[in-house]
Each structure stands twice: as structure tokens, then as C-alpha cells.
Amino acid sequence: MMSRAFQVHPNDNVATLLNDASGAVQILGARTREIRLLEKISRGHKVALKDLIAGDAVIKFGARIGHATKPVARGAWVHLHNLASEVDERSSTLDLHSGAPTDTSSAYA
Amino acid sequence: MPENISSRSSRGNEALTEKTVIDQSLLTSAATSSWAGFLRPDGRKGVRNLVLIIYTVECAQHVAHAIAIGEADTHVIGFPGCYDNAYAIRLMLALARHPNVGAVLSVGLGCEYTQPEKIAAAVRASGRPAEWFFIQQSGGTRSSVAKGKQIVARLREKIRQETPRAPMTLADLTVGCECGGSDGTSGLAGNPTVGAFFDLLVDAGGRAIFEETAEMIGLRETMQSRAANPEAKQQLAAAYDKAERYCRSVRQWSVSPGNFAGGLTTIEEKSLGAFAKSGTRPIQGVIRVAETPRGPGLWILDSVPDEHFMQFGYTNPNDTEGIMDLISAGSQIVLFVTGRGSVIGSPIAPLIKITGNSTTFRTMGDDMDFDAGRVLTGEVTLAQAGRELADLVVRIAQGEPSKPESLNHREYFIMYKHQNTPTLAVGCRA
């Protein structure tokens, strides 16, 4: 079975992977179509549904979840390395894969 | 059948049998369904007819629970503190005068600040039978339990005989929603399914309540854009700002390394997933713990502590606390969305467990009431899932036990907190 991703709202420019995936993925939900991933993306993580430039709003649930911090190509993984919150500045400093803080080394001295 | 719905068991069985036969017609029946509820003196209608035992200090907790053992239609709540707390008393009185509660027995040890006699008096003033006693004046554990059981039997018989029945529809229902034990499916399927049901409930004239303003960080504009009127918009802004101040002061944004590793990138994204349970209808305003909605429609419950010199009270220390808040606002039924799977239930109001994760629905089938994961696979549309959930809510309101009810899950949590109530007489600790 082809890997799948779920798009919540028709205006969304990202979709959420329902399986760990690479290559072709079927988009379900608000719109159905196929997209080719540019890299491996894990279940629960997001794929860009269109090309974004730095500063573009990233839209999920039909609403802004933050902005792109660099260009993001259609099919690319969207996460802490290229999407930043408007409220929580710290999240952009977290480890891309584990989500662990990287700004606390002095506290463990 | 669980003991707590035994007075309605024949009806519940019918509903269960019918389900297998005429499932298709049930799928569209919720909006027009009518059933017999329990009419309370204030005009509200209950979907259960319960005796509630309330203990007023931790020292009376064992006796209260021992009284309830083996007693049909009898639930227990209580407050552990010896020093009283206005918030906790308001919360307990709201639960004692809940539409699903017909009568109350309040049990104290005899030296605590919180007064079982005053609780019983307030409940009697609401038109419900209520009794109380102190354990220290009743000869200790054994005789207090025996005395309590006699009182419970008397109260239960009285409300079974005397509570008038009245027709109910969705317009008479207040339904709360909480989420916890969330995973990636909660924002995609579990919460949106509740949102679809809430739209249907609001359109039918009912009341829908969701909460956890501290989990709406980043959504100030989104919330305001949903306000039904300028007053609601102001209330939403104030509740949001208080929640954000609270989060800044405790340096906790309700998002954790595990959330990021699981694929969430920003607090806005997590907040929107939780907010999805609100559906799409206008928000009528903000209520606080122990307040009922001021009219039909969709409401936000603010359970964040107000500023106070003691700084006590976490906003939602656990899922059960949030569920109690929703029940205190008059919810006759509460929905709980859990992706990973949770095994809690609630006293007073049946809890319905919804999961957006079909694997959880299979592996924890005894505990889960509704599989919203079918939305993700395209098996059902969101609108269909919302209608199916409405039909389940109606069946539970008609007396069919929810999964947590049938397992006798009745977790409760009442603790010290502070919320401003300018009109309240001074007398116990704010």
C-alpha cells in the first residue's frame, strides 16, 4: 500500500504523514492527490505541499502555525529547521530529531 | 449492566439490541431524538438520577467510599484539605446541584473547616433531598458506614419514586470536551470529530463547552475571530492573555520534547490541534469553573487560576481535574479524546472516550467508545463521524452505559485553587 499523508484543511500548505515514508505518498483528507517526497519523513511529521519562500506563513488546520525560516521545496520535510513559531522562540533551538533542548548545557555543569 | 444505571437497565438493553438491527436509521436520528430525562427543580434535566456522597476532608474519605461500595446509582466526590477553599466549595456545590444528581449525603470527620451541614443546606435549598453527619458524632468507621448506607438507601428510594421525568432532546444537553493522552491523531481526527459533533449540537440548540485556554497559546487572533459578539471577544482576549501570562510565569508552554520528536513543530500547531474540538460555530463567551453557560451555543471554560498571593493551583494538573471542571459547568455528558489511550472515567456525568487512533481503539477496546481514526483512512468523512458521535451521545443520554461507566471508573479530583469571585462573602479561604 502506498504511504499516506493527511491534509486537514483545503488551504493547508503542509500535510501530516500517517506512515514513515519516502518516495510517492498519497494525500488524503481535505484534498486527495499524490506527492513525491524529497527526503524520508517520519510518521506524524509534515511535508510541504507547495514551494515556500522564507517568511511565508505555514498553514495547517487552515490557520497559521508559524513561518518558513528558509526556502522549502514541495515534498520537503517541514520541521524545526525551516519552520518557526511566532510565540515560542525556544522551539527553533531544539534538536531537530529528538526535540531535546540545546540551550541548557550550562545547567548541567 | 453496571450498578449505577440499574434503574434504567431495561431501557439501556433495548437501545443496545436495537443498535445491531437498525444501525442505519440511528445514523441520522440524533438531531430528532427525544428521550425521558430527570427533571430538576431548577428546570435543568439530567440523564442519570444519582445519589452523591461528598466528604469534606481526607479524613472522611474512607468512610465515604465504604458507604458507596455496592450501592447502585451512588457516586463519591470530596475535598482532601482540612483548611477550606472557596474555589473548592463552589466546585463541590456545583457538582452537588448538577442535573444528574438527585440527592446528596455529605460526610465530615467533625473538626475540619469545610462544613457538611452547610453543603446539605445549600443542596436542600436547590429543592433536592440532602443529609449530612460527622463521623466523630456517629461512633467511628463501622457505625458511620452503616448509618451512611441507610441514608443512601432512603435518598435513592426517594429520588427514584419522586423525580419527575421530562422529555429531552439535544437542545437540553450540555456536553463538555477534554483531551489527554494525545498523539498525532488527536488533532487530525479525534478533536475534529468532536468539533463536527459540537457544530451539530450547537445547531440543535444545545450547549457545548471546551477548555484549557493554556493550551490555546498562539491562537489569540483565531479565538477572537470566532467570537459571537464584542463582549465575547473581550472575554476571549482577557482569558487568552491570562493564560499566556500564566504560561510565561511558569515557563511552560504545554509542549514537550516528545511532541517535537513526534512531528509537532510549533506551539501554534499543537494549540490548533486541541482547538479543533471547538468546531466552527461562534464562541458565545467565557465561563469559569462552577459557572454554567449563560445561554445555548459554544463556550470556553477558563480553569486557569487567577493571580493570588499564595500562587496555588495549576491550571490543569491532570485530565480528571479538567473533566470535573466541565461537569461543574453542568455538562450531563463529557467527551474525552485520547490518541494514546486513557483509562479514566468520571463520577456524576458519563464520560465517552474517543480516539483518533484505530490501533488504540482495537488494543484498548474495553475502554474506548468511539473510533474516529476511520476519518484518517477515508472510511468515513468528518461530517459522518460527527453524526455517528451524536447518535452515540444520544444513546448514552438514554441510559446506555459508556465504556468507563460500565467499568465503574469514577475518578475525581478537587483541589485548592483560586479564581476571583468578587460577589462571594468572605468567610473561607479564597
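These legends describe close-up views of a predicted model. Local features need pLDDT of at least 70, side-chain atom pairs count only at pLDDT 80 or more, and totals for chains, interfaces and linings use all residues. Residues are numbered from 1 along each chain as its sequence is written, chains are lettered from A and ligands numbered from 1 in the order written, and side-chain values use heavy atoms, without hydrogens and water.

**View 1. The largest nonpolar core, around I354(B).** A nonpolar core is a set of buried Ala, Val, Leu, Ile, Met, Phe, Trp, Tyr and Cys residues joined through side-chain atoms within 4.5 Å. Buried means under 20% relative accessible area, exposed over 50%, and partly exposed in between (1.4 Å probe, protein chains only). This core holds 70 residues. L173(B), F197(B), F198(B), L335(B), I354(B), L389(B) and V393(B) touch the most other members. A second, separate core has 58 residues, including Y55(B), L109(B), A130(B) and I151(B). Beyond four places in sequence, the contacts of I354(B) include G190(B), V194(B), F336(B), F370(B) and A372(B). Contact means heavy atoms within 4.5 Å. In soluble globular proteins, nonpolar side chains tend to be buried together.

**View 2. Cysteines C59(B) and C179(B).** A disulfide is a pair of cysteine sulfur atoms within 2.5 Å. C59(B) is exposed, at 51% relative accessible area. For C179(B), the closest cysteine sulfur belongs to C177(B); at 6.5 Å, this is also too far for a bond. C179(B) is buried, at 7%.

**View 3. H79(A) and its partners in chain B.** H79(A) sits in the loop between β8 (77–78) and β9 (83–84) of chain A. Strands (E, at least two residues) are DSSP runs, numbered from the N terminus. H79(A) is buried, at 0% relative accessibility. Its side chain makes a polar contact of 2.7 Å with that of T265(B). A polar contact pairs N or O atoms within 3.5 Å; within protein, one must be able to donate a hydrogen and the other to accept it, and residues adjacent in sequence count only if both atoms are side-chain atoms. Leaving aside neighbours within four places, H79(A) also touches H45(A), L96(A), F260(B), G263(B) and L264(B).

**View 4. The loop residue N49(B).** N49(B) lies between β2 (45–46) and β3 (50–55) of chain B. It is buried, at 7%. Side-chain polar contacts join N49(B) to R40(B) at 2.9 Å and to T163(B) at 3.5 Å.

Key
Helices (H or I, at least four residues) and strands (E, at least two) are DSSP runs, numbered from the N terminus.
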